[in-house]
Every structure is written in structure tokens, then in C-alpha cells.
Amino acid sequence: YTLSAGSELKVSGTSTLHDWTMKSTSGNGKATFTMAGDQLQGITNLQVSLKAETLKSGKSGMDDKAYDALKTGDFPTISFTLREMKYIKQNGTAITYTATGDLIIAGVKRAVTFTGTGKAGDDKFQFDGKTTFKLTDFKVDPPTAMFGTIKTGDEVTVAFNVTFKNSATL
């Protein structure tokens with residue numbers, strides 16, 4: 001299965017001035033799903049990556065500060081590789097889950113756990129989920145502006161809404 005166009009990743013946080021969100025719809029990804037009829041039994045080899053500079057806030061100055069903080073010149077890609085997925089609840093083709101894997105930001109790899117929901121149907125899987133962590137966990141200094149008078153909060157939330165389509169039917 002391949003990550004389909006239109007899948008969205010959002011990073012949200014706070015600052016001393018206002019809350020902010022950056023979005024990207026430019027990720028790449030692949031996954032292998034194990035099925036029993038229309039029931040999802042497991043996921044292996046799930047990997048998603050995106051160019052960090054595809055994250056956009058709508059404000060170029062803010063984007064530039066974020067790219068500097070993420071060291072995109074040296075580490076242009078953000079990626080996630082699934083290690084384990086646990087089902088909290090399964091009801092027909094719908095699931096509620098926790099997924100643990102390795103997230104790499106600015107060249108630093110850390111384990112993170114996402115919680116979310118998913119649904120199977122018509123040779124595709126749709127998942128949404130989110131997690132919260134500190135930028136400093138990835139050795140990223142929260143961006144500042146206006147000579148340090150505007151400061152980004154250390155805690156961010158990563159949320160996604162993605163669809164994987166069967167590569168054989170593309």
C-alpha cells in the first residue's frame with residue numbers, strides 16, 4: 001500500500017504571541033497490511049516521510065524560523081517508521097489503536113506513540129492520529145523572533161489524516 005495524495009500532516013504549538021499550525025500534504029509512505037476478509041489483522045513495514053520544508057504556516061517568516069530550528073539544510077527529511085501497533089478496539093472495518101515507532105526530526109531519532117482511529121475499505125485504509133512531545137526531545141531549540149521577545153513553546157502536537165491505497169490498484 002502507498003500513501004495517497006491529499007494525506008495531511010499538521011504540527012501545532014503555541015508561542016508568546018499566538019497559537020500556530022504548519023501543514024503538509026506532500027508525504028511519501030508505504031505499508032504492508034495483513035487482512036482477514038475486510039478485517040485489518042496487522043500492519044508491518046509502515047514508513048512515512050516528508051520534506052520538512054513542505055510544512056507551511058502561511059507566513060514565510062515563521063516558516064523560515066521553523067526550517068532553521070529543524071536544521072533542514074542538514075536534515076531535510078522528517079520520517080516515521082512503525083515498530084508496533086496495538087488495537088484498543090475493532091468494530092468491523094473500523095479500529096481504534098495506539099502505534100509506537102521511531103520518529104526522526106532534525107537527525108534525532110526518538111520513540112513516539114500515536115493514538116488514533118482507522119478504517120478499511122475499497123482497497124484503501126484511512127488513518128488519523130496524534131501525539132504530543134517536546135521539540136527539545138529532538139534537540140530542536142524552539143524558534144524565537146523579534147530578538148527573543150516572541151518565543152515558541154517547547155511542546156508540539158503532531159496530527160495526521162492519511163490514506164494508504166493498494167499499490168496494485170493504482
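The chat below goes from the overall fold to two residues.

Q: Before anything else, what kind of model is this?
A: This is a predicted model.

Q: How many helices and strands does the protein have?
A: The secondary structure of the protein comes to 1 helix and 11 strands.

Q: And in what order do the elements run from the N terminus on?
A: Reading from the N terminus, the order is β-β-β-β-β-α-β-β-β-β-β-β, and the helix in that series, helix 1, covers residues 60–69.

Q: What is the radius of gyration, and what would a compact globule have?
A: The protein has a radius of gyration of 17 Å, which agrees with the value near 15 Å that a compact globule of 170 residues would have. Along the principal axes, its C-alpha atoms fill a box of roughly 60 × 30 × 25 Å.

Q: What share of the residues is buried?
A: Of the 170 residues in the protein, 38% are buried. The accessible surface comes to about 9400 Å², and carbon and sulfur atoms account for 51% of that surface.

Q: What about contacts between residues at least 24 apart in sequence?
A: If you take the contacts between residues at least 6 apart in sequence, 58% of them join residues at least 24 apart.

Q: Switching to charge, how many positive and negative side chains are there?
A: The protein has 20 positive and 17 negative side chains, with the centres of the two sets lying 2 Å apart.

Q: Which residues does Thr131 touch?
A: Not counting residues up to four places away in sequence, Thr131 touches Thr113, Phe114, Val156, Thr157 and Val158. As for Thr113, its backbone oxygen lies 2.8 Å from a polar atom of the Thr131 side chain.

Q: And Ala69, where is that, and is it buried or exposed?
A: Ala69 has its place in helix 1, and with a relative accessible area of 14% Ala69 is buried.

Q: Which residues is Ala69 in contact with?
A: Leaving aside neighbours within four places in sequence, Ala69 is in contact with Val140, Asp141 and Pro143.

Q: How far is Ala69 from Gln47?
A: Ala69 and Gln47 are 22 residues apart along the chain, and their C-alpha atoms are separated by 24 Å.

Definitions and conventions: Residues numbered from 1 in each chain as written. Predicted model: local features only at pLDDT ≥ 70, side-chain atom pairs only at ≥ 80, totals over all residues. Heavy atoms only, no water. Polar contact = N/O pair within 3.5 Å; in protein donor to acceptor, adjacent residues only side chain to side chain. Contact = heavy atoms within 4.5 Å. Helix = DSSP H or I, 4+ residues; strand = E, 2+ residues; numbered from the N terminus. Buried < 20%, exposed > 50% of the residue type's maximum accessible area, 1.4 Å probe, protein only. Rg over C-alpha atoms; globule rule 2.2 N^0.38 Å. Areas by Shrake-Rupley, 256 points an atom, 1.4 Å probe, with all protein chains shown as cover. Lys, Arg positive; Asp, Glu negative; His and termini not counted. Charge placed at Lys NZ, Arg CZ, Asp CG, Glu CD.
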